[in-house]
Amino acid sequence: MSSGQLYDAIGANYTVTRRTEPRIAARIWTAFGDARTVLNVGAGTGSYEPPDRDVTAVEPSALMRAQRPAGAAPCVAAVAESLPFEDQSFDAAMAFSTVHHWQDPIAGLREMRRVARRVVVFTFDGTDTGWRRRFWLTRDYLPEVVVPVGRPSLTDQARAIGARIEPVLIPWDCADGFFEAYWRRPEAYLDDHVRRGISVWGRVGPDAEQRAVRSLRDDLASGRWAERNRDLVDLEEAELGLRLLIA
């Protein structure tokens with residue numbers, strides 16, 4: 001399933017739970033430096049698009065394009081691997097939490113590098129051997145979450161565009177409801193609306209989803225989750241493998 005097809009299937013409530021987290025946005029926008037024109041690749045409904053710059057969006061899913069708010073940046077129907085722009089058309093190109101959906105991440109990143117003099121990508125390091133165990137949701141409830149065999153490593157992706165890698169910690173009250181966002185608010189994962197805004201649940205399938213939800217609900221009721229994860233209670237932010245690539 002392509003990223004466009006995936007989000008056509010799961011994206012109906014995306015604007016409800018997927019909002020710009022200002023602390024992460026600040027990191028991304030700072031990385032733009034003095035860029036005035038910005039291309040947002042895999043733009044979805046427009047989160048993280050800087051309000052004070054000239055933005056052009058690219059999004060393959062018709063449903064996601066339709067949910068972009070009035071006044072949002074113009075949006076082109078295209079995929080990352082084949083951007084319909086001339087070389088060096090933009091000061092910067094950005095991609096937020098989308099590279100893992102691309103058919104060919106290296107090709108997409110190189111396209112971003114081709115059309116922009118600066119590239120900023122928010123993604124995750126799924127090749128880290130401790131990645132799945134670092135987050136209790138994948139460790140204890142969703143073992144089905146794996147990086148497909150053959151996907152390029154984060155290091156390979158960074159090397160392809162000459163990027164440096166910076167860690168991004170997730171605040172406990174993160175406003176953007178991506179997969180790891182509720183690491184200190186486990187009850188959120190029991191909410192169907194929250195899960196519908198997270199592509200992982202669509203990828204693991206309904207059987208794994210319902211099993212995980214039942215187990216988590218039982219563990220929250222019994223106090224087992226709290227006992228297992230008591231070290232999280234006093235943390236303000238968590239390191240769960242999220243990264244910025246900056247080139």
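A: Cysteine 75 counts as partly exposed, because its relative accessibility of 27% falls between the limits of 20% and 50%. Cysteine 174, by contrast, has a relative accessible area of 2% and is therefore buried. The model is a predicted one. With a disulfide taken as two cysteine sulfur atoms within 2.5 Å, the count of disulfides is zero.

In general, strands of a sheet pair through backbone hydrogen bonds, in either a parallel or an antiparallel sense. The β1 and β4 strands pair in the parallel sense, over four bridges. Asparagine 40 has methionine 94 of β4 as its bridge partner.

Helices pack against this sheet. The buried residues of helix α5 (residues 105-115) are Pro105, Ile106, Gly108, Leu109, Glu111, Met112 and Val115. These buried residues pack against the strands β1 (37-41), β4 and β5, and also against the helix α8 (154-161).

Leaving aside residues up to four places away in sequence, alanine 80 touches Val41, Trp102, Gly108 and Glu111. Two of these contacts, Gly108 and Glu111, are among the buried residues of α5. Alanine 80 and aspartate 104 are separated by 24 residues in sequence and by 8.7 Å in space, C-alpha to C-alpha.

The aromatic residues come next. The model has 11 aromatic pairs. In one of them, phenylalanine 96 and phenylalanine 122, the ring centres are 4.2 Å apart and the planes meet at 5 degrees, so the pair is stacked. Phenylalanine 96 belongs to strand β4 (residues 92-96) and phenylalanine 122 to strand β5 (residues 119-124), so this pair ties together parts that are 26 residues apart in sequence. Phenylalanine 96 and phenylalanine 122 are both buried. Tryptophan 136 and tyrosine 141 have ring centres 6.0 Å apart and planes at 90 degrees, so that pair is edge-to-face. Both tryptophan 136 and tyrosine 141 are buried. They belong to one aromatic cluster, formed by Phe135, Trp136, Tyr141, Phe179, Tyr182, Tyr189 and Trp225.

Beyond residues up to four places away in sequence, glutamate 180 touches Phe135, Ile170, Tyr189, Leu240 and Leu242. Of these, Phe135 and Tyr189 are members of the aromatic cluster.

Two arginines lie over aromatic rings. Arginine 184 is over the face of tryptophan 172, at 4.2 Å from the ring centre. Arginine 195 is over the face of tryptophan 201, at 6.0 Å from the ring centre.

Definitions and conventions
Residues are numbered from 1 along each chain as its sequence is written. This is a predicted model: local features need pLDDT of at least 70, side-chain atom pairs count only at pLDDT 80 or more; totals for chains, interfaces and linings use all residues. Side-chain values use heavy atoms; hydrogens and water are left out. Buried means under 20% relative accessible area, exposed over 50%, partly exposed in between (1.4 Å probe, protein chains only). Rings of Phe, Tyr and Trp (its six-membered ring) pair if their centres lie within 6.5 Å; planes under 30 degrees apart count as stacked, over 60 as edge-to-face and the rest as tilted. Helices (H or I, at least four residues) and strands (E, at least two) are DSSP runs, numbered from the N terminus. A charge sits over a ring if NZ of Lys or CZ of Arg is within 6 Å of the ring centre and within 35 degrees of the ring normal. Contact means heavy atoms within 4.5 Å. Two strands pair if DSSP finds at least two bridges between them.
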